[in-house]
Amino acid sequence: MFKAYKTILFFLLLGASLSTFAQANRTEDFSERYTLKQVVVLSRHNIRSPLSGRHSSMQRITPHEWYHWSSAPSELSLRGGALETMMGQYFRKWLVGEGLMQENEIPVEGSMRFYANSLQRTIATAQYFSSGMLPVANIRIEHHLEVGKMDSIFAPQITDDSEAFKALAQQQITAMGGEKGLVGIGEKMANNYKVLEQVLDMDQSKACLEGDTCHFRTDDAHVYLIKHREPGMGGSMRLACQAADALILQYYEEPDAVKAAFGDTLTWEEWESISAIKDWYGDVLFTAPVVARQVARPLLRTMLEELQAEGRKFTFLCGHDSNIASVLAALEAEDYRLPNTIEKKTPIGCKLVIEKWENAEGQVFATLNLVYQSTKQLRSMSLLDLENPPMVFPILLKGIDANADGFYPFEDVLRRIDSAIQ
């Protein structure tokens, strides 16, 4: 299914779509040399309605009416459920083709695990995915708390509020903006803010007319790190991220792109510019090395246990973009920008897929890839199969050498996860 990085980079440089060769560019003897033994998936939920309702602060910063969602605030939408079912069906085709499961498999106890954070959007995503992947198995999704409460495994919480930790964390966070720190990040986002303000017609909003805010400031962001809470942010960057998130979700859900942009005709680059606000926000809060290792630790422990679980061949863990971002940062992944999507880091519904392979000599290897539906696939709801696969992008780990097929020694990956936990 997934290719070595150099091969993918070669095709990208030629201008080929990732999806045109995601299943195809392996040597004829590949299947004779390698056998797929296990897959662990860390998934972001699929399309949800915005976290805040239509009559929240989001309504105050634009004179326009937001999209009328099919789901309550923060819950998976009908489109999101359909898209996730399609992704599950694709995984079924891939895993059956690799011999890891049967076409209409009913898993034996302990061979597969579907575990989600205890929120509606994550439980529902896992349920829809399982329905596509295992349509006759009637999978029960494991979750540990009543619906609506955050499971500590998936909650990216600060566990150390010592002055030494906070000083190092703030140092690493502000370094992202160069000499000016968070102000520097804000200045880098100035043009992104302008595009978002224009789409929102923010200068005509209730917030502006009442003298509250007409623009997103570049100099008022501040980060707070409080024990037993997620890293948080105040200021314009937070408000802009909320607005960008709502607008991008609206773009996925609303078939009319002009209507999704409140009457504007936006270019691909302008949609990317709006989405980049969310990427910056996520990077600031969750990818500073000392923060990432701390907030990802419970989930990394779970992933390590799954990769070593006797008899386990497939695991589906469903959480959030912050989970994927912090896990990749904690594992020291190389920086990347995803193609064919306006979300360049952790697109809606994306999956970090760790594959375990064994060669004919009994050596065990691992690959890491981000699997996601392109923006076009999301908006058109195009069916996925081996001929029309989702996007697949290889994740490279700093300091670990891959073989000629792009595979890492499995023990090296386990050591990297363990090191991040420690």
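How many residues does helix α16 have, and how far does α16 reach from its first C-alpha to its last? Helix α16 (residues 410-421) has 12 residues and reaches 17 Å, close to the 16 Å expected at 1.5 Å a residue; the expected span is 1.5 Å times one less than the number of residues. Helices here are DSSP runs (H or I, at least four residues) and strands are E runs of at least two, numbered from the N terminus. This is a predicted model, in which local features need pLDDT of at least 70 and side-chain atom pairs count only at pLDDT 80 or more, while totals for chains, interfaces and linings use all residues. Residues are numbered from 1 along each chain as its sequence is written, and side-chain values use heavy atoms, with hydrogens and water left out.

Which side of α16 gets tucked away? In α16, F410, V413, L414, R416, I417, A420 and I421 are buried (under 20% relative accessible area, with exposed over 50% and partly exposed in between; 1.4 Å probe, protein chains only). They cover an arc of only 160 degrees around the axis, so they sit on the same side of α16; the arc is that of the directions from the helix axis to the C-beta atoms.

Now for the rings. Rings of Phe, Tyr and Trp (its six-membered ring) pair if their centres lie within 6.5 Å, with planes under 30 degrees apart counted as stacked, over 60 as edge-to-face and the rest as tilted. By this rule there are 18 aromatic pairs. Y90 and F91 are edge-to-face, because their centres are 6.1 Å apart and their planes at 85 degrees. Both Y90 and F91 are buried.
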